[in-house]
Amino acid sequence: MTSRSASWGTYIYTSISLRFYDAYVLGFNMRYIWGCATYTILLPLFCENFSKRHLDIGVATGYFPSIAIERSREQDARHITLMDLNKNSLHAAEKRIKGDHSDLDVDVQCVYGDVLGPLPDALKEQKFDSISLFNLFHCVPGTPERKAESFATLAQCLSDDGVLVGNTVLGKGYMGWSPLTWYTMFLFNYFFRSFTNWEDNPEAFEAGLRREFEDVQTWIVGSMFLFRARKPRRN
């Protein structure tokens with residue numbers, strides 16, 4: 001399966017590299033490189049917009065949905081769909097969620113899919129009450145305008161009262177003055193090629209969100225663009 005958004009940013013997540021993801025990416029990078037700490041900013045945002053019928057796209061290790069379940073600890077049935085282009089990530093996230101919450105009624109579905117592509121067949125007949133895209137777009141090839149086109153597809157599988165929430169590292173105009181931040185950005189974009197976000201800007205993402213949703217909130221923390229959108233426009 002050839003994907004428009006498959007890149008080294010997808011393939012870099014091996015079973016070995018995923019062992020260090022939480023500590024390095026969610027721990028060190030978010031706090032000290034991008035200035036947007038996971039535990040105090042990103043995790044609360046995820047948990048506040050997490051429902052019993054949730055779609056998580058770009059799943060990494062499954063950290064966010066697993067912690068969100070732990071914080072709610074509701075005994076009612078819960079469904080989580082994980083969507084990613086990396087089967088290692090899908091396996092790791094599914095294993096983590098099921099392992100951490102074997103005592104709860106949690107249904108986990110894995111979907112191999114491209115956020116820039118058409119809606120996968122497995123999702124076409126489904127409606128979710130919450131959809132998350134955390135730390136995804138900066139790893140997706142293409143212009144910010146092209147990435148923002150995915151909001152139209154996601155709006156199709158969001159319920160009328162649902163919420164779309166996420167974050168992404170912005171490009172060169174939002175790096176501040178930290179030499180370490182600039183060095184990491186250059187390294188990830190042009191050496192490791194795990195990022196494709198050098199030109200990413202908040203205006204393009206916000207414009208894409210407002211085309212598809214009536215209620216849109218966006219803000220910037222450090223080098224990170226955060227967003228929350230409700231009331232999908234039904235054309």
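This is a predicted model: local features need pLDDT of at least 70, side-chain atom pairs count only at pLDDT 80 or more; totals for chains, interfaces and linings use all residues.

Colleague: What makes the size of the chain agree with that of a compact globule?

Modeller: For 235 residues, a compact globule would have a radius of gyration near 18 Å, and the chain has 17 Å, so the value agrees with the rule. Along the principal axes, the C-alpha atoms fill a box of roughly 50 × 40 × 35 Å, and the secondary structure comes to 9 helices and 7 strands.

Colleague: Why are α2 and α8 called oblique to each other?

Modeller: The axes of α2, residues 21–33, and of α8, residues 179–191, come within 10 Å and cross at roughly 130°. Roughly perpendicular ends at 115 degrees and roughly antiparallel begins over 145, so α2 and α8 count as oblique. On the α2 side the contact involves Tyr-24, Asn-29 and Ile-33, which meet Leu-180, Thr-181, Thr-184 and Phe-188 of α8. Sorted by class, the residues of this contact are 4 nonpolar, 3 polar and no charged.

Colleague: What makes α3 roughly perpendicular to α4?

Modeller: Helix α3, residues 38–48, packs against α4 at an angle of about 75°, with the axes 9 Å apart. Because angles from 65 to 115 degrees count as roughly perpendicular, that is the word for α3 and α4. Thr-38, Tyr-39, Leu-42, Leu-43, Phe-46 and Cys-47 make the contact from α3, while Tyr-63, Phe-64, Pro-65, Ile-67, Ala-68 and Arg-71 make it from α4. By class, this contact has 10 nonpolar, 1 polar and 1 charged residues.

Colleague: How do you know where empty space is left in a structure?

Modeller: A probe the size of a water molecule is rolled over the atoms, and that shows where space remains empty. In this model, the largest pocket holds about 340 Å³ of space. It is lined by 17 residues, and those closest to its centre are Ile-12, Tyr-13, Tyr-24, Val-25 and Phe-188. Helix α2 supplies the largest share of this lining, with 5 residues.

Colleague: What makes a space a cavity and not a pocket, and how many cavities of 30 Å³ or more are found here?

Modeller: A space counts as a cavity because a 1.4 Å probe fits inside but cannot get out, while a pocket is open. A search of the whole structure finds 3 cavities of 30 Å³ or more, and the second largest cavity has a volume of about 90 Å³. Of the 14 residues lining the second largest cavity, Gly-58, Val-59, Ala-60, Phe-64 and Phe-134 are closest to its centre. Helix α4, residues 63–72, gives the most to this lining, with 3 residues, and by class the lining divides into 9 nonpolar, 4 polar and 1 charged.

Colleague: Where is Gly-58 found, and which residues is it in contact with, leaving aside its neighbours within four places in sequence?

Modeller: Gly-58 lies in the loop between β1 and α4. With neighbours within four places in sequence set aside, Gly-58 is in contact with Met-83, Asp-84, Phe-134 and Leu-136.

Methods: Residues are numbered from 1 along each chain as its sequence is written. Side-chain values use heavy atoms; hydrogens and water are left out. On a 1 Å grid over the protein atoms alone, a cavity is a set of points where a 1.4 Å probe fits but cannot get out, and a pocket is an open set with protein on both sides within 12 Å along at least five of seven lines; lining residues have an atom within 4 Å of a point. Grid points are joined across faces, edges and corners, and a volume is the space filled by probe spheres set on the points. Helices (H or I, at least four residues) and strands (E, at least two) are DSSP runs, numbered from the N terminus. Axes are lines fitted to C-alpha atoms, for helices over the stretch in contact, and angles run from 0 to 180 degrees between N-to-C directions. Angles under 35 degrees count as roughly parallel, over 145 as roughly antiparallel, 65 to 115 as roughly perpendicular and the rest as oblique. Contact means heavy atoms within 4.5 Å. Ala, Val, Leu, Ile, Met, Phe, Trp, Tyr, Cys and Pro count as nonpolar, Asp, Glu, Lys and Arg as charged, and the others, Gly among them, as polar. The radius of gyration is taken over C-alpha atoms; the globule rule is 2.2 Å times the number of residues to the power 0.38.
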